[in-house]
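Please look at the structure before reading on.

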Amino acid sequence: MRPFSYVRAGDTGTAIALVAEHPDGVFLAGGTTEVDLMRQDVLRPGLLVDINDLPLDLIEDLPDGGLRIGALARMSDVARAPGVIDRFPLISQALVLGASAQLRNMASMGGNLCQRVRCSYFRDPASPCNKRDPGSGCAALNGFHRGHAILGVSDKCIATHPSDVAVALTALDAVVHTRGPGGERAIGIDDFFLLPGDTPQLEHPLEHGELITAIEVPGAPVARRSVYLKFRDRQSYEFALASVAAAVQTEQGTVAQVRLALGGIATKPWRARHAEAALLGQSATAASFAQAAARELAAAAPRPMNAFKVELAQRAIVRALSTLTDGER
Ligand SMILES: Cc1cc2nc3c(=O)[nH]c(=O)nc-3n(C[C@H](O)[C@H](O)[C@H](O)COP(=O)(O)OP(=O)(O)OC[C@H]3O[C@@H](n4cnc5c(N)ncnc54)[C@H](O)[C@@H]3O)c2cc1C
Ligand code: SF4
């Protein structure tokens with residue numbers, strides 16, 4: 001590990017100013033991503049600004065039935081908040097299926113959205129990686145890419161976005177609230193995560209020194225009947241090979257409302273808009289679920305080792321929707 005400075009900020013303005021003024025300054029929340037990557041010499045911040053004393057850990061119910069989740073709320077606290085369990089079970093399930101109990105107690109919601117990819121080449125400073133070292137190449141393209149993305153890929157990067165809860169939040173049209181040197185902003189979650197394109201080193205639109213303060217989830221009665229399913233190589237302490245966040249409301253056997261997002265298969269949490277459009281007004285049957293899933297995966301660009309994800313993702317969608325509508329068919 002290289003030498004660095006550490007300061008614990010007492011208020012939000014000071015935290016933002018400290019990072020903004022230091023070219024190598026970063027925020028430190030739970031540290032479960034940041035410190036890991038510093039130990040591996042992948043990240044080399046000159047200044048860590050600890051934000052854990054800032055008053056950003058509330059989980060509040062909003063008048064429209066939505067939620068406001070402070071950026072420093074811990075994953076475990078959000079997962080067991082009554083308003084989350086009752087009105088947004090997919091958020092709670094996505095959190096509980098992520099990481100381990102100890103990590104969830106440390107890890108913050110803001111840090112979760114900003115966590116870095118799990119691509120082993122990104123985490124190995126000796127390998128070419130456009131995300132870590134722009135222009136150096138992508139070792140995964142012709143390397144070991146079994147866990148990599150099949151949607152949203154570019155010829156510069158195929159790393160999957162690792163977060164589970166971001167998938168649930170994407171299905172729910174969450175909004176990321178920030179405060180930075182230029183003031184406050186609200187960024188729709190779909191715009192918060194960037195596709196790799198030619199600039200895989202840019203993962204979100206945050207400016208240097210811009211702090212996530214909260215995540216707002218608009219009220220969504222459809223989410224009361226929702227699920228997060230995660231498929232992985234082992235049943236705990238493992239990232240998704242494919243995951244689905246789904247919410248559905250049917251009327252007389254027909255899909256009246258649906259929210260669908262995918263994880264583990266795309267370079268950003270993937271809102272399955274093609275599948276949603278294909279499902280609306282259709283009967284809630286396994287056949288129409290399979291058709292919608294195929295439509296979403298039509299744009300998949302698999303590589304030799306991850307081609308299995310095309311079928312896995314389609315089956316995952318069918319399983320999630322069938323789970324939610326089983327009693328009615
Ligand atoms: C072994 C292991 C297994 C894991 N498994 C899973 C899993 O299955 N599913 C899953 O979703 N996640 C998983 N994770 C990732 C874990 O959820 C993240 O590491 C964690 O959520 C990051 O939160 P943190 O508070 O520790 O962030 P930190 O490590 O403190 O910060 C992470 C990044 O976010 C930035 N940051 C932090 N807070 C803010 C803020 N408020 N505004 C702006 N920038 C900020 C930091 O500067 C840093 O760049 C796993 C992690 C580990 C180590
Ligand atoms: S997939 Fe992305 S993160 Fe992995 S080596 Fe290629 S550029 Fe780096």
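Which elements cover the buried residues of helix 12? The model in view is a predicted one, and the answer for helix 12 includes strand 9, strand 10, strand 11 (254–263), helix 10 (273–279) and helix 11 (286–297).

## Helix 12

Helix 12 runs over residues 308–325. Its 18 residues should span 26 Å at 1.5 Å a residue, and its end C-alpha atoms are 26 Å apart, which agrees.

The buried residues of helix 12 include Lys 309, Val 310, Ala 313, Ala 316 and Ile 317. Further along helix 12, Val 318, Ala 320, Leu 321, Ser 322, Leu 324 and Thr 325 are buried too. An α-helix has 3.6 residues a turn, so residues three or four places apart point the same way.

## Helix 11

Helix 11 is one of the elements that cover helix 12's buried residues. It has 12 residues, and the distance from its first C-alpha to its last is 16 Å, close to the 16 Å expected at 1.5 Å a residue.

In helix 11 the buried residues are Ser 288, Phe 289, Ala 292, Ala 293, Glu 296 and Leu 297. Their cover includes strand 11, strand 12 (270–271), helix 10 and helix 12.

## Two residues with positive phi

Most residues other than glycine have a negative phi. Asp 173 has a positive value, near 55°. This residue sits in the loop between helix 8 (165–171) and strand 6 (175–180). Is Asp 173 buried, partly exposed or exposed? Its relative accessibility is 35%, so Asp 173 counts as partly exposed, because buried means under 20% and exposed means over 50%.

Tyr 237 also has a positive phi, near 60°. It belongs to the loop between strand 9 (226–231) and strand 10 (242–251).

## The whole protein

The protein contains 12 helices and 12 strands. Its radius of gyration is 20 Å, close to the 20 Å that the globule rule gives for 329 residues, so the protein is as compact as a globular protein of that length. Along the principal axes, its C-alpha atoms fill a box of roughly 60 × 50 × 35 Å.

Of the 329 residues, 53% are buried. Among contacts with a separation of 6 or more, 64% join residues 24 or more positions apart. The accessible surface is about 14,100 Å², and carbon and sulfur atoms account for 51% of that area. The protein has 33 positive and 35 negative charges, whose mean positions are 6 Å apart.

Conventions
Residues numbered from 1 in each chain as written. Chains lettered and ligands numbered in written order. Predicted model: local features only at pLDDT ≥ 70, side-chain atom pairs only at ≥ 80, totals over all residues. Heavy atoms only, no water. Helix = DSSP H or I, 4+ residues; strand = E, 2+ residues; numbered from the N terminus. Rg over C-alpha atoms; globule rule 2.2 N^0.38 Å. Buried < 20%, exposed > 50% of the residue type's maximum accessible area, 1.4 Å probe, protein only. Contact = heavy atoms within 4.5 Å. Areas by Shrake-Rupley, 256 points an atom, 1.4 Å probe, with all protein chains shown as cover. Lys, Arg positive; Asp, Glu negative; His and termini not counted. Charge placed at Lys NZ, Arg CZ, Asp CG, Glu CD. Expected span 1.5 Å × (residues − 1).
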